[in-house]
Amino acid sequence: MIQKTSVGTVAKSLTEYWSQRVVAEANGNLFKVAKGLGATSWHAHHDQEETFLVLDGALTVQLRDGDVHLEAGDLLVIPRGVEHCPLASEDVFLLLIGPDVTSTAAGGKPAWSVEGGRPTPG
């Protein structure tokens with residue numbers, strides 16, 4: 001059955017920062033929602049590009065050669081192998097597109113975010 005998905009509603013229901021929930025799959029790609037706050041760890045994905053679409057809020061994707069600031073409606077593709085570190089000063093809600101889930105320690109997920117933790121202020 002064909003059904004629509006409210007990606008913003010699903011993203012806002014997440015309880016864990018920098019975790020991904022798959023909301024759809026098409027053409028070999030997963031469409032994943034996530035919510036972010038604070039920073040991930042610096043990391044690179046050698047097996048896939050990572051596509052960020054900001055649904056609500058603002059995100060800075062730190063790159064070794066400069067930062068890219070994104071706001072709601074902005075899309076950014078990080079090429080495979082490029083080291084990056086997403087950073088959000090307030091809650092940001094994202095749609096990520098790629099062939100696999102990347103919300104693991106190797107994918108930059110910070111240890112503090114496990115089980116609904118929050119970043120340490122400062």
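Colleague: With a relative accessible area of 44%, is R80 buried, exposed or partly exposed?

Modeller: This is a predicted model, in which local features need pLDDT of at least 70, side-chain atom pairs count only at pLDDT 80 or more, and totals for chains, interfaces and linings use all residues. Residues are numbered from 1 along each chain as its sequence is written, and side-chain values use heavy atoms, with hydrogens and water left out. Buried means under 20% relative accessible area and exposed over 50%, with partly exposed in between (1.4 Å probe, protein chains only). At 44%, R80 is therefore partly exposed.

Colleague: With which residue does R80 form a salt bridge?

Modeller: A salt bridge requires a side-chain nitrogen of Lys or Arg within 4 Å of a carboxyl oxygen of Asp or Glu. For R80, the closest N and O atoms of the pair are 3.0 Å apart, and the partner is E49.

Colleague: How many residues apart are R80 and E49?

Modeller: Strands (E, at least two residues) and helices (H or I, at least four) are DSSP runs, numbered from the N terminus. R80 lies in the loop between β6 (75–78) and β7, while E49 lies in the loop between β2 (29–39) and β3. The pair links distant parts of the chain, and the separation is 31 residues.

Colleague: Which helix does the salt bridge of D56 and K12 involve?

Modeller: The side chains of D56 and K12 meet at 3.0 Å, N to O. D56 lies in strand β3, so the pair ties together parts 44 residues apart in sequence. K12 belongs to residues 7–12, helix α1.
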